[in-house]
Amino acid sequence: MSAPRSVEEQLRIVLSAVRMLPAETLPIERAAGRTLSTPVCAAHDLPLFDNSAMDGFAVRTADTTDADAAHPAVLRVVADLPAGTDADPSLGAGEAARIMTGSPVPAAADAVVPFEQTAGGLADSLGEVQVLRPPSVGAHIRRRGSDLRAGDVVIAAGVRLGAFQIAGAIAAGVAEVEVARRPRLAVVSTGSELVDAGTPPARGRIPDSNGPLLRALVAGAESEIVFTARVIDEAEAVTLAVTDAVAAGADVVVFTGGVSAGAYEPVRGAFEGGGHIEFVPVAMQPGKPQAFGVLPSGTLVFGLPGNPVSVAVSFEVFVRPALLALQGRSSLFRRRARLTAAAGWRTPPGRRQYLPAVVDLEAGTVRPATTGGSGSHLAGGLARAEAFAVVPAEVEAVSAGDAVDVMLVT
Ligand code: AMP
Ligand code: MG
């Protein structure tokens with residue numbers, strides 16, 4: 001095997017092979033999780049009109065100048081403005097309108113007096129109101145356009161449409177968005193030892209956990225599965241799976257297992273020497289044997305080493321950024337936190353470690369999720385992980401109290 005390649009270099013190669021997927025127009029409520037291809041701009045001002053921030057009375061401040069509790073300004077209530085009204089009553093000297101939160105403030109009024117600052121209060125709708133202290137000009141009025149102006153960019157291209165973004169865009173009058181098409185994925189588990197979940201495993205057999213692992217991870221990267229298969233350790237089975245995956249429209253095929261240097265390595269057997277897929281050791285642990293390339297069809301192919309922790313780490317480090325880049329996402333990487341090791345652990349020499357970890361963000365600490373070391377086969381420990389501690393290749397061991405970079409994955 002050649003000298004290991006750095007994680008950065010491998011990631012650079014992966015990302016430089018990515019071509020952004022075409023955009024499509026969707027009703028915004030069907031676009032949750034999608035990445036914007038075009039910025040969302042406000043269709044109208046936000047707020048749409050000057051409106052009241054309080055339940056109270058719309059007044060002319062000129063009428064209330066000297067009001068105090070002993071000498072309240074007594075105003076005639078000439079209109080009632082519930083939410084949804086389109087009325088714009090004119091207010092003469094000494095007149096006020098009862099107004100509810102969000103209702104349009106009459107053009108003639110220049111302040112709202114909350115009902116708590118009146119005598120008579122809210123119940124006194126069309127009678128008299130006593131204002132107990134003078135409001136300042138503009139008090140409790142939410143001005144038209146104070147949040148956004150028509151045409152302002154509400155959300156930049158490359159941003160994921162989450163709940164907050166959808167709410168903001170709709171409030172700004174947007175009904176449709178241009179988003180990237182979801183990447184179409186094929187997930188293929190290789191291994192003659194694999195059986196379906198729930199099938200009692202005979203001696204030598206194990207459940208295929210990588211397939212379901214990847215399907216869930218892919219869904220979390222806003223991508224869609226168009227093909228799944230489990231194949232035995234024969235190169236022909238891998239070749240056939242690729243043909244089927246491409247026929248199913250896959251933009252990306254992810255294999256697990258069968259990429260290292262053993263005797264039965266079907267992914268290697270199917271692709272090595274073909275000129276499209278490269279097999280390379282990467283200086284990371286787990287996840288050292290990596291395969292990546294682009295088929296003549298344009299399909300990206302990842303071959304991840306088969307151990308479950310290797311699959312999880314390889315997905316996070318290489319596949320997920322590629323899936324987000326396909327969608328034009330401006331931020332490709334998980335959140336990171338710098339936390340204090342609550343316990344020590346060993347690290348592999350010369351390779352960057354991605355250790356399944358448990359974090360306590362309040363205490364600012366991180367600890368290994370696995371008890372039996374950092375073995376890539378520790379699928380049970382993976383079940384406890386909510387993060388990966390990322391330890392540089394040159395660090396030989398982590399001691400309790402050390403500061404550690406942590407990739408948060410949940
Ligand atoms: P491989 O990369 O094919 O040599 O596999 C490495 C290890 O991961 C072996 O112990 C495999 O049995 C295990 N493994 C491979 N594929 C899967 C899978 N889909 N689910 C669970 N374990 C797997
Ligand atoms: Mg295998």
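This report covers the ligand site, a salt bridge and some backbone features of a predicted model.

## Basis

The model is predicted, so local features need pLDDT of at least 70 and side-chain atom pairs count only at pLDDT 80 or more, while totals for chains, interfaces and linings use all residues. Residues are numbered from 1 along each chain as its sequence is written, chains are lettered from A and ligands numbered from 1 in the order in which they are written, and side-chain values use heavy atoms, with hydrogens and water left out.

## Ligand site

Ligand 1 is surrounded by 16 residues, the closest being Glu193, Asp208, Asn210, Gly258 and Gly306; a residue counts as near if one of its heavy atoms lies within 4 Å. By class, this shell holds four nonpolar, ten polar and two charged residues (nonpolar: Ala, Val, Leu, Ile, Met, Phe, Trp, Tyr, Cys and Pro; charged: Asp, Glu, Lys and Arg; polar: the others, Gly among them). Strand S13 (184–190) and strand S15 (206–207) each supply at least two residues of the shell; strands are DSSP runs of E with at least two residues, and helices are runs of H or I with at least four, numbered from the N terminus.

At Gly306 a backbone N or O atom lies 2.8 Å from an oxygen atom of ligand 1. Of the 480 Å² of accessible area that ligand 1 has on its own, the protein covers 77% (Shrake-Rupley method, 1.4 Å probe).

## Salt bridges

The whole structure has 16 salt bridges, each a side-chain nitrogen of Lys or Arg within 4 Å of a carboxyl oxygen of Asp or Glu. One of them joins the side chains of Glu8 and Arg352, at 2.9 Å from N to O. Glu8 is in helix H1 (residues 7–16) and Arg352 in strand S24 (residues 352–360), so the pair links distant parts of the chain, 344 residues apart.

## Backbone features

Most residues other than glycine have a negative phi, and most peptide bonds are trans. Leu46 and Pro47 are joined by a cis peptide bond with omega about -10°; Pro47 is in the loop between strand S2 (40–41) and strand S3 (51–52). A cis peptide bond also joins Gln285 and Pro286, with omega about -5°, and Pro286 lies in the loop between strand S19 (284–285) and strand S20 (289–294).

His140 is not a glycine, yet has a positive phi of about 60°. The loop that holds His140 runs between strand S9 (128–131) and strand S10 (141–142).

Key. Polar contact = N/O pair within 3.5 Å; in protein donor to acceptor, adjacent residues only side chain to side chain.
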